[in-house]
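This report goes through a single model from its fold to its side-chain pairs. Please keep the sequence and the coordinates open while reading.

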Amino acid sequence: ALPGTIRSRAGRGDGPGMMSWPEARRIARSLEGKIDTKLCQYLKAAGSLRVEPSDEETASSPVKALEGEIDTLLQKLGSVTDDMRKLTASGNSSAEEFEMMNRYQSLFHQFSNDFKRTKRTVDNNLKRARLLGSRHDSKNPSLADIRPHEALEKERDGLFSSLGLVDKLIDQGKLTYDELKNQRSLFGRIGGTMAALGRQFPQANDFIKKIRDKQNRDTVILAFVIASCMFFTVMYIMYSG
């Protein structure tokens, strides 16, 4: 009884403007094959796409045409899967119909994700081509007549050269640091030696201290004598005048 019921229900649509189940299944199968073929062509075209800044529009035309066709087919498949969902939700649906509806919904999402991912890759390639093309101006004469990959190679060589210069500066800094560290150690050893000599020869240290004190005292006396002489000289000149 069940197969007869399914055939009698599936032979008609359950609402105005809605296709029947056999029609939806037939269209879905047809769209599956077309989308699969177009996606393979699109992936192949995107993988072999080599865009030069000068011929970006020409190189991307076939890929853009495929994008439009795939987008239209995906919209049709999405509409068909919506009708399938409505038909299975109307009641009296078999497990086979539910399984087929879920399969085509999964295919629709898989196809859409593959298409979006590949489209992002193509868009990034086109943006990179436009970026390289925008640099071919009077401010960059060295990049005026070279291809994008050659420009990238020049930029890479420039980066490697800069990195080599930075490495040399770092090595020089390390050498300077090591020399200063050695000098610090030398001064530390000299200071320790002088302190040890002072502790070993306290009499010599006291003698040097007395000589230094006597020199300071003689300097003070000499300064006092010079100041006194200058004072008396100034006083004599003032009063004698």
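The model is predicted: local features need pLDDT of at least 70, side-chain atom pairs count only at pLDDT 80 or more, and totals for chains, interfaces and linings use all residues. Residues are numbered from 1 along each chain as its sequence is written, and side-chain values use heavy atoms, with hydrogens and water left out.

**Fold and surface**

The protein chain has six helices and zero strands, in the order α-α-α-α-α-α along the sequence. Helices (H or I, at least four residues) and strands (E, at least two) are DSSP runs, numbered from the N terminus. Of the 241 residues in the protein chain, 22% are buried. Here buried means under 20% relative accessible area, exposed means over 50%, and partly exposed is in between (1.4 Å probe, protein chains only). The protein chain has an accessible surface of about 17700 Å², and 58% of this belongs to carbon and sulfur atoms. Such areas come from the Shrake-Rupley method with a 1.4 Å probe; for residues, only the protein chains shown count as cover. Among contacts in the protein chain with a separation of 6 or more, 73% are between residues 24 or more positions apart; a contact means heavy atoms within 4.5 Å.

**Helix H2**

Helix H2 takes up residues 21-47, which is 27 residues. From first C-alpha to last, H2 reaches 38 Å, close to the expected 39 Å, where the expected span is 1.5 Å times one less than the number of residues. The buried residues of H2 are Trp 21, Ala 24, Ala 28, Leu 31, Glu 32, Ile 35, Leu 39, Tyr 42 and Ala 46.

**A nonpolar patch**

Leu 186, Phe 187, Ile 190 and Met 194 make a nonpolar surface patch of about 420 Å². Patches are made of residues with over 30% relative accessible area and no salt bridge; like charges are joined within 9 Å, and nonpolar side chains (Val, Leu, Ile, Met, Phe, Trp, Tyr) within 5 Å. Met 194 lies in helix H5 (residues 148-200) and counts as exposed because its relative accessible area is 54%.

**Salt bridges**

The whole structure has seven salt bridges, each being a side-chain nitrogen of Lys or Arg within 4 Å of a carboxyl oxygen of Asp or Glu. The table gives three of them.

| Pair | Closest N to O distance |
|---|---|
| Glu 69 and Lys 38 | 2.7 Å |
| Lys 64 and Glu 67 | 3.5 Å |

Glu 69 forms a salt bridge with Lys 38. This pair links distant parts of the chain, with Glu 69 in helix H3 (residues 56-89) and Lys 38 in helix H2, 31 residues apart. Glu 69 is partly exposed at 36% relative accessibility, and Lys 38 is partly exposed at 24%.

Lys 64 and Glu 67 are both in helix H3, three residues apart, about one turn of the helix. Lys 64 is partly exposed at 35%, whereas Glu 67 is buried at 6%.

Asp 218 and Lys 214 are four residues apart in helix H6 (residues 202-240), so about one helical turn separates them. Asp 218 is partly exposed at 36%, and Lys 214 is partly exposed at 45%. Elsewhere, salt bridges with shared partners join Lys 64, Glu 67, Lys 119 and Asp 123 into one network.

**Cysteines**

How many disulfides does the structure hold? There are zero disulfides, a disulfide being a pair of cysteine sulfur atoms within 2.5 Å. Cys 40 is partly exposed at 46% relative accessibility, and Cys 229 is partly exposed at 45%.
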